[in-house]
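Here's a quick briefing for anyone meeting this structure for the first time. Have a look at it, then read on.

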Amino acid sequence: MNINDTAAKISSMEIRGAGKIARAAAQALLQFAINLDEKNPGKFLKALETAKETLFNTRPTAVSLANALDAVMKGAKGNTVDEIKKGIKSSAEQFISSSEKAIETIAKICSQRIQDGYTIITHCNSTLAVSAIIKAHEQGKKVRVFATETRPWRQGLITAQALADSGVDVTLIVDSAVGFFMRETDLVIVGADTVTADGTIINKIGTSQVALAASVYSVPVIVCAETYKFSKATLEGKPVVIEERDVAEVVEQNKLKGVKVRNPVFDATPSKYITAIITELGIYSPHAAYTIIQKMME
Ligand code: RUB
(Lines give C-alpha, C1' and ligand atoms only; values in the text may rest on other atoms or scores of the structure.)
Protein backbone atom coordinates (compact mmCIF):
# COMPACT_ATOMS: atom_id res chain seq x y z
CA MET A 1 0.00 0.00 0.00
CA ASN A 2 1.44 3.40 -0.92
CA ILE A 3 1.08 6.69 0.96
CA ASN A 4 -2.03 7.79 -0.97
CA ASP A 5 -3.77 4.43 -0.46
CA THR A 6 -3.15 4.52 3.28
CA ALA A 7 -4.13 8.19 3.49
CA ALA A 8 -7.39 7.45 1.62
CA LYS A 9 -8.16 4.52 3.93
CA ILE A 10 -7.61 6.65 7.03
CA SER A 11 -9.72 9.56 5.66
CA SER A 12 -12.56 7.27 4.66
CA MET A 13 -12.29 5.46 8.02
CA GLU A 14 -11.60 2.10 6.43
CA ILE A 15 -8.70 2.24 8.86
CA ARG A 16 -9.99 3.84 12.05
CA GLY A 17 -9.34 4.11 15.78
CA ALA A 18 -6.50 6.24 17.15
CA GLY A 19 -4.07 3.36 17.70
CA LYS A 20 -4.73 1.68 14.37
CA ILE A 21 -4.32 4.87 12.33
CA ALA A 22 -1.05 5.58 14.16
CA ARG A 23 0.39 2.16 13.32
CA ALA A 24 -0.91 2.25 9.72
CA ALA A 25 0.66 5.68 9.15
CA ALA A 26 3.99 4.59 10.68
CA GLN A 27 3.99 1.49 8.47
CA ALA A 28 3.12 3.51 5.34
CA LEU A 29 5.88 6.05 5.99
CA LEU A 30 8.37 3.22 6.53
CA GLN A 31 7.36 1.51 3.26
CA PHE A 32 7.59 4.82 1.43
CA ALA A 33 11.12 5.40 2.77
CA ILE A 34 12.27 1.89 1.91
CA ASN A 35 10.91 2.04 -1.66
CA LEU A 36 11.99 5.61 -2.45
CA ASP A 37 14.63 5.59 -5.18
CA GLU A 38 16.44 8.85 -4.43
CA LYS A 39 20.16 9.07 -3.74
CA ASN A 40 20.33 12.72 -2.67
CA PRO A 41 19.77 12.90 1.15
CA GLY A 42 18.26 16.40 0.98
CA LYS A 43 15.75 15.45 -1.71
CA PHE A 44 15.04 12.17 0.10
CA LEU A 45 14.17 13.98 3.34
CA LYS A 46 12.01 16.48 1.45
CA ALA A 47 10.01 13.68 -0.17
CA LEU A 48 9.66 12.03 3.23
CA GLU A 49 8.30 15.27 4.73
CA THR A 50 5.73 15.55 1.91
CA ALA A 51 4.62 11.95 2.50
CA LYS A 52 4.38 12.65 6.22
CA GLU A 53 2.20 15.72 5.53
CA THR A 54 -0.17 13.67 3.33
CA LEU A 55 -0.69 11.16 6.13
CA PHE A 56 -0.95 13.89 8.77
CA ASN A 57 -3.71 15.70 6.86
CA THR A 58 -6.06 12.71 6.81
CA ARG A 59 -7.79 13.20 10.16
CA PRO A 60 -7.28 16.18 12.47
CA THR A 61 -8.25 15.06 15.97
CA ALA A 62 -6.22 12.04 17.08
CA VAL A 63 -2.76 13.20 18.17
CA SER A 64 -1.69 9.55 17.93
CA LEU A 65 -1.28 10.15 14.20
CA ALA A 66 1.07 13.14 14.57
CA ASN A 67 2.99 11.47 17.39
CA ALA A 68 3.44 8.27 15.35
CA LEU A 69 4.74 10.22 12.34
CA ASP A 70 7.11 12.24 14.56
CA ALA A 71 8.36 9.04 16.19
CA VAL A 72 9.18 7.60 12.76
CA MET A 73 10.85 10.82 11.56
CA LYS A 74 13.10 10.84 14.65
CA GLY A 75 15.04 8.06 12.95
CA ALA A 76 15.64 10.13 9.80
CA LYS A 77 19.28 10.86 10.60
CA GLY A 78 22.51 10.24 8.75
CA ASN A 79 24.74 11.50 5.96
CA THR A 80 23.56 9.08 3.30
CA VAL A 81 20.16 7.89 2.14
CA ASP A 82 21.05 4.36 3.26
CA GLU A 83 21.79 5.59 6.78
CA ILE A 84 18.53 7.55 6.87
CA LYS A 85 16.58 4.51 5.62
CA LYS A 86 18.18 2.37 8.33
CA GLY A 87 17.23 4.94 10.99
CA ILE A 88 13.63 5.17 9.74
CA LYS A 89 13.31 1.39 9.71
CA SER A 90 14.46 1.15 13.29
CA SER A 91 12.28 4.03 14.59
CA ALA A 92 9.14 2.84 12.73
CA GLU A 93 9.54 -0.76 13.88
CA GLN A 94 10.20 0.42 17.43
CA PHE A 95 7.03 2.58 17.42
CA ILE A 96 4.86 -0.20 16.00
CA SER A 97 6.11 -2.90 18.34
CA SER A 98 5.99 -0.72 21.47
CA SER A 99 2.47 0.46 20.62
CA GLU A 100 1.36 -3.16 20.22
CA LYS A 101 3.00 -4.08 23.52
CA ALA A 102 1.24 -1.13 25.18
CA ILE A 103 -2.17 -2.62 24.28
CA GLU A 104 -1.30 -5.78 26.20
CA THR A 105 0.10 -3.85 29.20
CA ILE A 106 -2.87 -1.48 29.43
CA ALA A 107 -5.37 -4.35 29.08
CA LYS A 108 -3.64 -6.14 31.95
CA ILE A 109 -3.62 -3.08 34.23
CA CYS A 110 -7.22 -2.15 33.39
CA SER A 111 -8.42 -5.72 33.95
CA GLN A 112 -7.28 -5.36 37.60
CA ARG A 113 -9.91 -2.65 38.00
CA ILE A 114 -12.67 -4.90 36.71
CA GLN A 115 -14.20 -6.96 39.48
CA ASP A 116 -16.10 -10.19 39.21
CA GLY A 117 -19.78 -9.45 38.59
CA TYR A 118 -19.18 -5.95 37.18
CA THR A 119 -21.44 -4.33 34.62
CA ILE A 120 -19.48 -2.09 32.25
CA ILE A 121 -20.47 0.55 29.70
CA THR A 122 -18.12 1.22 26.81
CA HIS A 123 -18.57 3.71 24.01
CA CYS A 124 -17.48 3.49 20.35
CA ASN A 125 -14.76 0.96 19.51
CA SER A 126 -11.51 1.20 21.41
CA THR A 127 -9.00 -1.60 20.98
CA LEU A 128 -7.76 -0.90 24.50
CA ALA A 129 -11.17 -0.95 26.18
CA VAL A 130 -12.18 -4.13 24.32
CA SER A 131 -8.85 -5.82 25.14
CA ALA A 132 -9.17 -4.94 28.84
CA ILE A 133 -12.69 -6.36 29.06
CA ILE A 134 -11.67 -9.54 27.23
CA LYS A 135 -8.67 -9.87 29.58
CA ALA A 136 -10.95 -9.65 32.64
CA HIS A 137 -13.25 -12.26 31.08
CA GLU A 138 -10.25 -14.56 30.44
CA GLN A 139 -9.30 -14.16 34.11
CA GLY A 140 -12.61 -15.88 34.88
CA LYS A 141 -14.47 -12.76 35.97
CA LYS A 142 -18.14 -12.66 35.09
CA VAL A 143 -18.68 -9.32 33.37
CA ARG A 144 -21.63 -7.84 31.56
CA VAL A 145 -21.14 -5.08 28.99
CA PHE A 146 -23.44 -2.46 27.51
CA ALA A 147 -21.91 -1.31 24.22
CA THR A 148 -23.30 1.92 22.80
CA GLU A 149 -24.24 1.89 19.13
CA THR A 150 -22.22 5.11 18.52
CA ARG A 151 -24.02 7.07 15.86
CA PRO A 152 -23.48 7.87 13.10
CA TRP A 153 -20.79 5.33 12.21
CA ARG A 154 -22.06 2.61 14.58
CA GLN A 155 -18.60 1.49 15.70
CA GLY A 156 -20.39 -0.02 18.72
CA LEU A 157 -21.39 -2.93 16.51
CA ILE A 158 -17.70 -3.80 16.04
CA THR A 159 -17.19 -3.63 19.81
CA ALA A 160 -20.25 -5.74 20.58
CA GLN A 161 -19.30 -8.41 18.02
CA ALA A 162 -15.66 -8.57 19.22
CA LEU A 163 -16.79 -9.02 22.82
CA ALA A 164 -19.42 -11.60 21.89
CA ASP A 165 -16.85 -13.51 19.80
CA SER A 166 -14.68 -13.74 22.93
CA GLY A 167 -17.58 -15.07 25.00
CA VAL A 168 -18.34 -11.83 26.89
CA ASP A 169 -21.97 -11.16 27.84
CA VAL A 170 -22.65 -8.04 25.75
CA THR A 171 -25.76 -6.01 24.98
CA LEU A 172 -25.91 -3.36 22.26
CA ILE A 173 -27.78 -0.20 23.29
CA VAL A 174 -28.60 3.03 21.47
CA ASP A 175 -26.59 6.06 22.57
CA SER A 176 -29.60 7.71 24.18
CA ALA A 177 -30.07 4.69 26.50
CA VAL A 178 -26.85 5.41 28.41
CA GLY A 179 -28.66 7.22 31.27
CA PHE A 180 -31.17 4.38 31.52
CA PHE A 181 -28.49 1.69 31.86
CA MET A 182 -26.04 3.71 33.96
CA ARG A 183 -28.13 2.90 37.04
CA GLU A 184 -27.03 -0.74 36.80
CA THR A 185 -23.44 -0.01 35.79
CA ASP A 186 -20.28 -0.35 37.94
CA LEU A 187 -17.65 1.01 35.59
CA VAL A 188 -17.24 2.97 32.33
CA ILE A 189 -14.22 2.14 30.17
CA VAL A 190 -13.41 4.17 27.06
CA GLY A 191 -10.43 4.89 24.86
CA ALA A 192 -9.02 8.25 23.76
CA ASP A 193 -7.87 9.98 20.60
CA THR A 194 -6.05 12.73 22.47
CA VAL A 195 -5.27 13.56 26.09
CA THR A 196 -4.55 17.24 26.68
CA ALA A 197 -2.09 18.78 29.15
CA ASP A 198 -4.92 19.56 31.60
CA GLY A 199 -6.21 15.98 31.53
CA THR A 200 -9.16 16.56 29.20
CA ILE A 201 -10.01 13.52 27.11
CA ILE A 202 -10.89 13.85 23.46
CA ASN A 203 -12.73 10.77 22.29
CA LYS A 204 -15.67 9.76 20.09
CA ILE A 205 -18.63 12.13 20.14
CA GLY A 206 -20.91 11.16 23.02
CA THR A 207 -18.10 10.23 25.42
CA SER A 208 -18.74 13.40 27.43
CA GLN A 209 -22.43 12.48 27.76
CA VAL A 210 -21.49 9.01 28.98
CA ALA A 211 -19.10 10.56 31.53
CA LEU A 212 -21.73 13.06 32.69
CA ALA A 213 -24.27 10.28 33.22
CA ALA A 214 -21.61 8.27 35.07
CA SER A 215 -20.94 11.26 37.32
CA VAL A 216 -24.63 11.53 38.23
CA TYR A 217 -24.67 7.87 39.30
CA SER A 218 -21.16 7.98 40.87
CA VAL A 219 -19.85 5.41 38.41
CA PRO A 220 -16.05 5.56 37.90
CA VAL A 221 -14.83 6.42 34.40
CA ILE A 222 -11.57 4.82 33.25
CA VAL A 223 -9.84 6.04 30.11
CA CYS A 224 -7.34 3.71 28.46
CA ALA A 225 -4.72 5.65 26.47
CA GLU A 226 -1.16 4.92 25.44
CA THR A 227 1.30 7.75 26.18
CA TYR A 228 1.52 8.57 22.46
CA LYS A 229 -2.07 9.83 22.70
CA PHE A 230 -0.95 12.65 25.00
CA SER A 231 -0.62 15.96 23.18
CA LYS A 232 2.57 18.02 23.54
CA ALA A 233 1.00 20.79 21.44
CA THR A 234 -1.65 21.40 24.11
CA LEU A 235 1.15 22.35 26.54
CA GLU A 236 1.78 25.32 24.26
CA GLY A 237 -1.92 26.15 24.33
CA LYS A 238 -2.81 24.76 20.91
CA PRO A 239 -6.46 23.68 20.87
CA VAL A 240 -7.41 20.21 19.63
CA VAL A 241 -9.24 20.39 16.30
CA ILE A 242 -12.51 18.51 16.45
CA GLU A 243 -13.21 16.78 13.15
CA GLU A 244 -16.57 17.50 11.53
CA ARG A 245 -17.43 14.98 8.86
CA ASP A 246 -19.92 14.94 5.99
CA VAL A 247 -23.48 15.43 7.22
CA ALA A 248 -24.56 12.67 4.83
CA GLU A 249 -23.22 10.31 7.53
CA VAL A 250 -26.06 11.53 9.77
CA VAL A 251 -29.01 11.80 7.40
CA GLU A 252 -29.67 11.48 3.67
CA GLN A 253 -29.40 15.03 2.38
CA ASN A 254 -32.65 15.01 0.39
CA LYS A 255 -34.69 13.71 3.37
CA LEU A 256 -35.04 17.16 5.00
CA LYS A 257 -35.72 20.65 3.69
CA GLY A 258 -34.54 23.86 5.41
CA VAL A 259 -32.79 21.93 8.19
CA LYS A 260 -29.15 22.38 9.15
CA VAL A 261 -27.25 19.26 10.10
CA ARG A 262 -23.91 19.05 11.97
CA ASN A 263 -21.64 16.06 12.39
CA PRO A 264 -18.80 16.64 14.87
CA VAL A 265 -17.26 13.23 15.49
CA PHE A 266 -15.31 13.79 18.71
CA ASP A 267 -15.92 15.66 21.94
CA ALA A 268 -14.03 16.77 25.05
CA THR A 269 -14.60 15.27 28.49
CA PRO A 270 -13.18 17.49 31.26
CA SER A 271 -10.80 15.83 33.71
CA LYS A 272 -13.21 16.23 36.62
CA TYR A 273 -15.41 13.51 35.07
CA ILE A 274 -12.52 11.08 34.68
CA THR A 275 -11.49 8.80 37.53
CA ALA A 276 -8.25 7.51 36.05
CA ILE A 277 -6.23 7.26 32.88
CA ILE A 278 -4.46 3.96 32.29
CA THR A 279 -1.30 4.13 30.20
CA GLU A 280 1.41 1.55 29.57
CA LEU A 281 3.34 3.27 32.39
CA GLY A 282 0.58 2.66 34.90
CA ILE A 283 -2.61 4.16 36.28
CA TYR A 284 -2.76 7.93 36.75
CA SER A 285 -5.10 10.67 37.84
CA PRO A 286 -6.03 12.80 34.77
CA HIS A 287 -4.22 15.64 36.57
CA ALA A 288 -0.95 13.83 35.90
CA ALA A 289 -1.30 14.47 32.15
CA TYR A 290 1.05 17.46 32.32
CA THR A 291 3.76 15.35 33.99
CA ILE A 292 3.32 12.51 31.51
CA ILE A 293 3.69 14.91 28.57
CA GLN A 294 6.84 16.39 30.12
CA LYS A 295 8.24 12.86 30.57
CA MET A 296 7.56 12.16 26.87
CA MET A 297 9.49 15.27 25.90
CA GLU A 298 12.67 14.30 27.84
C1 RUB B 1 -12.54 5.94 17.42
C2 RUB B 1 -12.54 6.34 18.85
C3 RUB B 1 -11.83 5.44 19.80
C4 RUB B 1 -10.40 5.95 20.02
C5 RUB B 1 -9.54 4.98 20.78
O6 RUB B 1 -13.03 6.96 16.57
O7 RUB B 1 -13.00 7.39 19.23
O8 RUB B 1 -12.48 5.44 21.05
O9 RUB B 1 -9.80 6.21 18.76
O10 RUB B 1 -9.38 3.80 20.04
P11 RUB B 1 -13.08 6.71 14.98
P12 RUB B 1 -8.13 2.81 20.29
O13 RUB B 1 -13.86 5.46 14.75
O14 RUB B 1 -13.72 7.92 14.43
O15 RUB B 1 -11.64 6.57 14.51
O16 RUB B 1 -8.18 2.43 21.74
O17 RUB B 1 -8.43 1.63 19.39
O18 RUB B 1 -6.89 3.52 19.91
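Helix 1 (residues 3–11) and helix 2 (residues 18–35) pack with their axes 9 Å apart, at an angle of about 170°. That makes helix 1 roughly antiparallel to helix 2, a label that goes to angles over 145 degrees. Keep in mind that this is a predicted model, where local features need pLDDT of at least 70 and side-chain atom pairs count only at pLDDT 80 or more, while totals for chains, interfaces and linings use all residues. Residues are numbered from 1 along each chain as its sequence is written, and side-chain values use heavy atoms, with hydrogens and water left out.

- Helix 1 brings Ile 3, Thr 6 and Ile 10 to its contact with helix 2, and helix 2 brings Ile 21, Ala 24, Ala 25, Ala 28, Leu 29 and Phe 32 (contact means heavy atoms within 4.5 Å).
- That contact of helix 1 with helix 2 divides into 8 nonpolar residues, 1 polar and no charged (Ala, Val, Leu, Ile, Met, Phe, Trp, Tyr, Cys and Pro count as nonpolar, Asp, Glu, Lys and Arg as charged, and the others, Gly among them, as polar).
- Helix 3 (residues 41–56) packs with helix 5 at an angle of about 35°, and their axes are 9 Å apart (axes are lines fitted to C-alpha atoms, for helices over the stretch in contact, and angles run from 0 to 180 degrees between N-to-C directions).
- Here Pro 41, Phe 44, Leu 45 and Leu 48 of helix 3 meet Val 81, Ile 84, Lys 85 and Ile 88 of helix 5.
- In the contact of helix 3 with helix 5, 7 residues are nonpolar, none are polar and 1 is charged.

**The sheet**

- An open sheet with mixed pairing is formed by 7 strands, in the order 3-2-1-4-7-9-10 (two strands pair if DSSP finds at least two bridges between them; helices, H or I with at least four residues, and strands, E with at least two, are DSSP runs numbered from the N terminus).
- Strand 3 (169–173) and strand 10 (282–284) are at the edges with a single partner strand each, so one side of each has no neighbour in the sheet.
- On average, neighbouring strands of this sheet are turned by 25° against each other, direction ignored.
- Strand 1 (residues 119–122) and strand 4 (residues 187–190) run parallel and are joined by 2 bridges.
- Ile 120 stands opposite Leu 187 in strand 4.

- Arg 151 and Pro 152 are joined by a cis peptide bond, with omega about 0°.
- You'll find Pro 152 in the loop between strand 2 (144–148) and helix 7 (156–165).
- Met 13 isn't a glycine, yet its phi is positive, near 70°.
- Met 13 belongs to the loop between helix 1 and helix 2.

**Pockets**

- The largest pocket has a volume of about 610 Å³ (on a 1 Å grid over the protein atoms alone, a pocket is an open set of points where a 1.4 Å probe fits, with protein on both sides within 12 Å along at least five of seven lines; lining residues have an atom within 4 Å of a point; grid points are joined across faces, edges and corners, and a volume is the space filled by probe spheres set on the points).
- Of its 19 lining residues, Ala 71, Phe 95, Thr 227, Tyr 228 and Met 296 are the closest to its centre.
- Helix 5 supplies the largest share of that lining in the largest pocket, 6 residues.
- The second largest pocket has a volume of about 460 Å³.

Definitions and conventions. Parallel < 35°, antiparallel > 145°, perpendicular 65-115°, else oblique.
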